[in-house]
Amino acid sequence: MPTVMVVEDEYKLRELVRSYLEREGIVVFSTASGAEAISFARHSSVDLVVLDLGLPDVPGEEVARELRSFSDVPIVMLTAKSEERDRIAGLEVGADDYVTKPFSPRELVLRVQAILRRGRSAPDESSVASYGEGLLCIDEERHRIDVRGELVELTPTEWGILVALAGAPGRVYSRYELINRVRGYEFEGYERTVDSHVKNLRRKVELDPAAPQVIQTVLGGGYRLGLRRDR
Ligand code: CA
């Protein structure tokens, strides 16, 4: 059963989210404290974190940054902040999605389930696609990516972007297209968030993120995979 940690200091909201998630067969750990959340994630395995941005002890952004320093666990931010800038800040520290308060618990559950589905690995036979003479290998069935022979850990959003680009090497994908492919549902269109995820992705897959070989920027267009598919 998937395990989700809910970090929210408003008791009523925390319990509401818990009951909705539990109804879907998800095991829920909850806390009102950012510090406790970090410590819990260090010592236990959680499949996803629902994280309030406005926490009384450690700000949500800080919690996300801390989590990202040792884990690729998917993070869904809860934010009361309506400023786009603040939401983007959350995504820049590595969150995979966010929901703005007030939100419908049902919508949150759907987003959580979508991310959990993306992250699940299938135990079937492998179907490895390789690019750039073996520089990049993507095993969609096993949900595994190797770059220059090394296993690379990606967040679900990073995985989605890379797999989308690799679907048609050389083809230019606009930011809007990438958002829709990765999320699979109507998104408000914060195209700049794609740039943040690409930046994080490049840190993991490029030898020199300033001169990217794998994920290339096309000015005024978007991004494309800079490698050919191997035969
Ligand atoms: Ca709060």
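Modeller: Happy to! Let's begin with a sheet: four strands form an open sheet in the order β6-β7-β8-β9, with antiparallel pairing. Strands (E, at least two residues) and helices (H or I, at least four) are DSSP runs, numbered from the N terminus, and two strands pair if DSSP finds at least two bridges between them.

Colleague: Which strands stand at the edges?

Modeller: Those are β6 (128-131) and β9 (150-152). Each has a single partner strand, so one side of each is left without a neighbour in the sheet. On average, neighbouring strands here are turned by 25° against each other, direction ignored.

Colleague: How many bridges join β8 and β9?

Modeller: Three bridges, in the antiparallel sense, and β8 covers residues 144-147. Val 147 has Glu 150 in β9 as its bridge partner.

Colleague: Which helix lies across β6, β7 and β8?

Modeller: Helix α6 (residues 156-166), which runs at about 105° to β7 (136-139). For such angles, axes are lines fitted to C-alpha atoms, for helices over the stretch in contact (heavy atoms within 4.5 Å), and the angles run from 0 to 180 degrees between N-to-C directions.

Colleague: Before we go on, where do these numbers come from?

Modeller: This is a predicted model, so local features need pLDDT of at least 70 and side-chain atom pairs count only at pLDDT 80 or more, while totals for chains, interfaces and linings use all residues. Residues are numbered from 1 along each chain as its sequence is written, and side-chain values use heavy atoms, with hydrogens and water left out.

Colleague: OK, new topic. What coordinates the calcium ion?

Modeller: Asp 9 (OD), Asp 52 (OD) and Gly 54 (O) do, at 2.2 to 2.4 Å. Donors are N, O and S atoms within 2.8 Å of the metal (3.2 Å for Na, K and Ca), and water is not among the atoms, so sites may look incomplete. Asp 9 lies in the loop between β1 (3-7) and α1 (11-23), and Asp 52 in strand β3 (residues 48-52), so the pair ties together parts that are 43 residues apart in sequence.

Colleague: Is Asp 52 buried or exposed?

Modeller: Asp 52 is buried, with a relative accessible area of 2%. Asp 9 counts as partly exposed, at 30% relative accessibility. Buried means under 20% relative accessible area, exposed over 50%, and partly exposed in between (1.4 Å probe, protein chains only).

Colleague: What does β3 pair with β4 through, and in which sense?

Modeller: They pair over four bridges, in the parallel sense. Leu 51 stands opposite Met 77 in β4. Five of the five residues of β4 (residues 75-79) are buried, so this strand is largely enclosed by the rest of the structure. Ile 75, Met 77 and Thr 79 are on one side, with Val 76 and Leu 78 on the other.

Colleague: And how many aromatic pairs are there?

Modeller: A search of the whole structure finds one. The ring centres of Phe 29 and Phe 40 are 4.7 Å apart and the planes are at 50°, so the pair is tilted. Rings of Phe, Tyr and Trp (its six-membered ring) pair if their centres lie within 6.5 Å; planes under 30 degrees apart count as stacked, over 60 as edge-to-face and the rest as tilted. Phe 29 lies in strand β2 (residues 27-31), while Phe 40 belongs to helix α2 (residues 34-43).
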